[in-house]
Amino acid sequence: MSVKNIILVITACAGLAACGDTIGKQALGGGAVGAGAAALTGGSLVQGAAIGAGANVLACQTGAVRCN
């Protein structure tokens with residue numbers, strides 16, 4: 001994956017991060033965004049979903065993103 005694609009994925013995930021009420025909802029939202037970003041960049045959907053889910057749960061649980 002090129003640097004351009006990595007930046008695109010990080011930007012998409014940061015912009016679309018969605019907190020849910022539970023860790024499961026947070027993982028599901030992040031996984032969907034990660035899989036979508038992987039599909040757009042030609043990456044592995046499974047890997048993209050796993051990274052997106054983990055990143056979104058981490059962001060929501062640590063307060064890195066503001067969820068309203």
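Helix α3 of this predicted model spans residues 45–62 and contains 18 residues. From its first C-alpha to its last, α3 reaches 25 Å, close to the 26 Å expected at 1.5 Å a residue. Confidence in the protein is highest in α3, with a mean pLDDT of 90.

The buried residues of α3 are G48, G52, A53, N56, V57, A59 and C60. These residues lie on the same side of α3, because they cover an arc of only 165° around its axis. An α-helix has 3.6 residues a turn, so residues three or four places apart point the same way. The cover over the buried residues of α3 includes helix α2, residues 23–41. On the face turned away from the buried side, α3 carries the exposed residues V46, A50, I51, L58 and T62. After α3 comes G63, which has a positive phi, near 80°.

In secondary structure, the protein comes to three helices and zero strands, and the pattern read along the sequence is α-α-α. Of its 68 residues, 24% count as buried. Among contacts with a separation of 6 or more, 49% are accounted for by residues 24 or more positions apart.

The average pLDDT of the protein is 80, and 79% of the residues score at least 70. The lowest confidence falls in helix α1, residues 3–16, where the mean is 66.

The segment before α1 includes S2. This residue is partly exposed, with a relative accessible area of 36%. S2 and T41 are 39 residues apart along the chain, and their C-alpha atoms are separated by 9.6 Å.

Side chains of opposite charge can pair when their charged atoms come close. In the model, the count comes to one salt bridge. The side chains of D21 and K25 form this salt bridge, with a distance of 3.8 Å from N to O. The pair meets the criterion because the nitrogen of a Lys side chain has to be within 4 Å of a carboxyl oxygen of Asp or Glu. D21 has a relative accessible area of 72% and is therefore exposed, as this value is over 50%.

Key. Residues are numbered from 1 along each chain as its sequence is written. Side-chain values use heavy atoms; hydrogens and water are left out. Buried means under 20% relative accessible area, exposed over 50%, partly exposed in between (1.4 Å probe, protein chains only). Helices (H or I, at least four residues) and strands (E, at least two) are DSSP runs, numbered from the N terminus. The expected span of a helix is 1.5 Å times one less than its number of residues. The arc is that of the directions from the helix axis to the C-beta atoms. Contact means heavy atoms within 4.5 Å. pLDDT is the predictor's confidence in each residue, from 0 to 100.
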